[in-house]
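Reader: I have a new model open on my screen and would like a friendly walk through it. Could you take me around?

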Amino acid sequence: MKKLAAALFAAAALVSAPALAQDAPSLGVTFNIGATSDYVFRGISQTDEKAAVQGGADLSYGIFYAGIWASNVDFNIPGVNEEIDYYVGIKPTLGPINLDLGILRYSYPGDNSSLDVTEFKIAGSHTFENGPTVGLNYFYSPEFGDGGPSYSYYELAGSMGFGSAGPFSIGGLASIGNTDYESNRVYADNANWKLGVTATTETGWYLELAYTDTDVDNTPIADGRAVLLIKYNFGLPTGN
């Protein structure tokens with residue numbers, strides 16, 4: 001898998017090289033801060049069904065990007081109160097397909113890395129003219145936490161704009177995903193889905209109301225729930 005990820009990164013860089021030579025890339029720096037009624041990740045609450053405050057920063061230069069993001073969490077593990085994610089990757093274009101090839105690191109400082117996870121991401125999406133954006137996403141981790149099995153996560157996602165309402169651009173989103181563990185003796189494979197509406201403004205506000213659920217039984221944090229997210233995005237002026 002590591003060799004495959006490296007090969008895809010190299011291929012994407014070669015495909016995008018002519019564009020980089022013709023157009024001088026610009027540096028972009030953006031920030032986001034927000035709050036959600038429940039931090040739900042792939043259908044499962046990360047805050048024991050409680051609210052969360054979140055924020056992050058992103059750096060982009062041409063097709064390259066890197067960022068950091070943080071949120072409070074509650075796994076009922078003493079000392080584990082926050083999650084800090086780091087990610088880096090490239091977003092080249094291959095014909096009508098927008099690619100996203102990246103590496104993500106989910107870290108939990110209070111647990112001395114026993115919950116930390118690294119994922120490799122391969123994603124592709126296409127936006128139809130005056131229509132929806134549809135994407136396929138694949139994530140792979142060689143180890144779940146400290147000594148856990150490797151796993152793959154597959155996701156089909158889509159979004160579409162519906163029009164305007166006052167200062168808001170209204171849209172919809174939907175996704176369905178499945179986590180497939182190498183061994184299910186301890187970790188059970190599970191699926192999740194999400195359906196929601198979004199509202200954005202030109203000034204950087206983003207609102208999302210979605211319903212998400214899983215096929216996991218007898219686990220309250222995996223039950224179906226409505227989640228409200230409010231986020232503000234803003235950037236800094238930069239030069240080339």
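**Strands, a hairpin and a pocket**

Author: Gladly! This is a predicted model, and the secondary structure of its chain comes to 1 helix and 15 strands.

Reader: How much of the chain is buried?

Author: A residue is called buried when its relative accessible area is under 20%. The chain has 240 residues, and the buried share of them is 36%.

Reader: Which residue in β10 stands opposite Ile122?

Author: Start with strand β9 (residues 117-127), which runs antiparallel to strand β10 (residues 133-141) and is joined to β10 by 8 bridges. The two strands form a hairpin with 5 residues between them, and Asn130 in that turn has a positive phi of about 55°. Across the pair, the residue in β10 that faces Ile122 is Tyr138.

Reader: Which residues lie nearest the centre of the second largest pocket?

Author: That pocket holds about 850 Å³ of space. Elements giving two or more residues to its lining are β3 (44-45), β9 and β12 (168-181). The lining has 31 residues, and those nearest the centre are Ile44, Gln46, Phe75, Phe144 and Tyr181.

Reader: How many residues in the lining of the second largest pocket are nonpolar?

Author: Sorting the lining by class gives 8 polar and 6 charged residues. The nonpolar class, which here includes Tyr and Ala, has a count of 17.

Notes:
Residues are numbered from 1 along each chain as its sequence is written. This is a predicted model: local features need pLDDT of at least 70, side-chain atom pairs count only at pLDDT 80 or more; totals for chains, interfaces and linings use all residues. Side-chain values use heavy atoms; hydrogens and water are left out. Two strands pair if DSSP finds at least two bridges between them. Helices (H or I, at least four residues) and strands (E, at least two) are DSSP runs, numbered from the N terminus. Buried means under 20% relative accessible area, exposed over 50%, partly exposed in between (1.4 Å probe, protein chains only). On a 1 Å grid over the protein atoms alone, a cavity is a set of points where a 1.4 Å probe fits but cannot get out, and a pocket is an open set with protein on both sides within 12 Å along at least five of seven lines; lining residues have an atom within 4 Å of a point. Grid points are joined across faces, edges and corners, and a volume is the space filled by probe spheres set on the points.
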